[in-house]
Amino acid sequence: MGFADEHGKVIKPSLQGGIAAMYYFGALLGAFWAGSFSDAYGRIKGIWMACLWCLVGVILQAGATNLTHMLCARVVAGVGVSFIIVIAPSWTAELAPASHRGQMIALTFLANFGGIALSSWIGFATSFTDYAGGTFRWRFCFACQVIPVFFLVIGTLLIPESPRWLIKDGRNEEAFEIITKLRGDGDRDHPDVQKEIREIVAVMQMEHEMQSSSYFKMILGIGSGDIHICRRIQLAFWLQVMMQYGTGIAAVVIYSGNIYRTAGFDDFKSNWLSALCMTCGILGTGVAALVLDRVGRRRTLYWGAVALGIILFAL
């Protein structure tokens, strides 16, 4: 795409950064759209929409012939991935039992890091070939993304819709049936089934009593009543900001190979160190999955921040 020479050395870092940034621009657009779409049409249809955007993004990226083509493809792919990132964790939380909810959400991010690590190792493996003038390296990596998209579509056919969304949509009987299967092993009178139904209905009633919501109202807490949506959104938003900018995770994921080259390592070592770094994310997320529901969210966050600070200081 013009940012590297024939040997793969980056000669136009601003252009490389621009191509990467277009993906996140698409993700920003998709993040605003995904929430409202899944609330209107359900989690399953939201994931279908994500798969559609991802599939189109894969085709456009793998077949890109010029810079404009690639930039448009990156925006499309970003929209699709943001739909998955927004919908999948909330869908998981709405299906998981309260006692294991943290673990289930952590497992979704474990899968996320697993995909990142796998793509990094695929990139390392294809770095040895000069087939098709070297374009095979990145075209094959993009094309491989169609495989998880296929399995994601299959998964939506096997996993039930969110009971919370069904009740919000007025389909209480369907929600009752799903919760009965998930919590009561078919027993509609099971205490866990009755308890969860009452909790969901109570929350839905509180939401209906709120004024019509918008992103502006939610951020400022206008009309949220006793739900304290503003405080929840601010907490979640700034935690995500700190995760991205406070830790530099985005730079590490995207530019780890360049970072290692800048540190003086050759291309071979930089490539496998980059893939190894992505693999370490699986270990950290796995540890979080094991301890989140046992020691709590705050304590896990505190100790994670301490460990991260020590590692960054050492680096």
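A residue is called buried when its relative accessible area is under 20%, exposed when that area is over 50%, and partly exposed in between (1.4 Å probe, protein chains only). By that rule, Arg183 and Glu196 are both buried.

This is a predicted model, in which local features need pLDDT of at least 70, side-chain atom pairs count only at pLDDT 80 or more, and totals for chains, interfaces and linings use all residues. Residues are numbered from 1 along each chain as its sequence is written, and side-chain values use heavy atoms, with hydrogens and water left out.

Arg183 and Glu196 join their side chains in a salt bridge, 2.6 Å from N to O. Arg183 sits in helix H8 (residues 172–183) and Glu196 in helix H9 (residues 191–209), so the contact ties together parts 13 residues apart in sequence. The term salt bridge means a side-chain nitrogen of Lys or Arg within 4 Å of a carboxyl oxygen of Asp or Glu. Helices are DSSP runs (H or I, at least four residues), numbered from the N terminus.

How many salt bridges does the whole structure hold? A search finds eleven. One of them pairs Asp39 with Lys168, with the closest N and O atoms 3.9 Å apart. This pair links distant parts of the chain: Asp39 is in helix H1 (residues 13–41), Lys168 is in helix H7 (residues 163–168), and 129 residues separate them. Asp39 counts as partly exposed, because its relative accessibility is 36%. Lys168 is partly exposed too, at 33%.

Another salt bridge brings Asp267 and Arg261 together, at 2.9 Å from N to O. Asp267 has a relative accessible area of 43%, so it is partly exposed. Arg261 is partly exposed at 30%. Shared partners also build a network: salt bridges join Asp39, Arg43, Glu94 and Lys168 into one.

Two or more of its residues come from each of helix H2 (43–62) and helix H6 (146–158). Which helix gives the most? H6 does, with eight residues.

Ile147 is partly exposed, because its relative accessibility is 47%.
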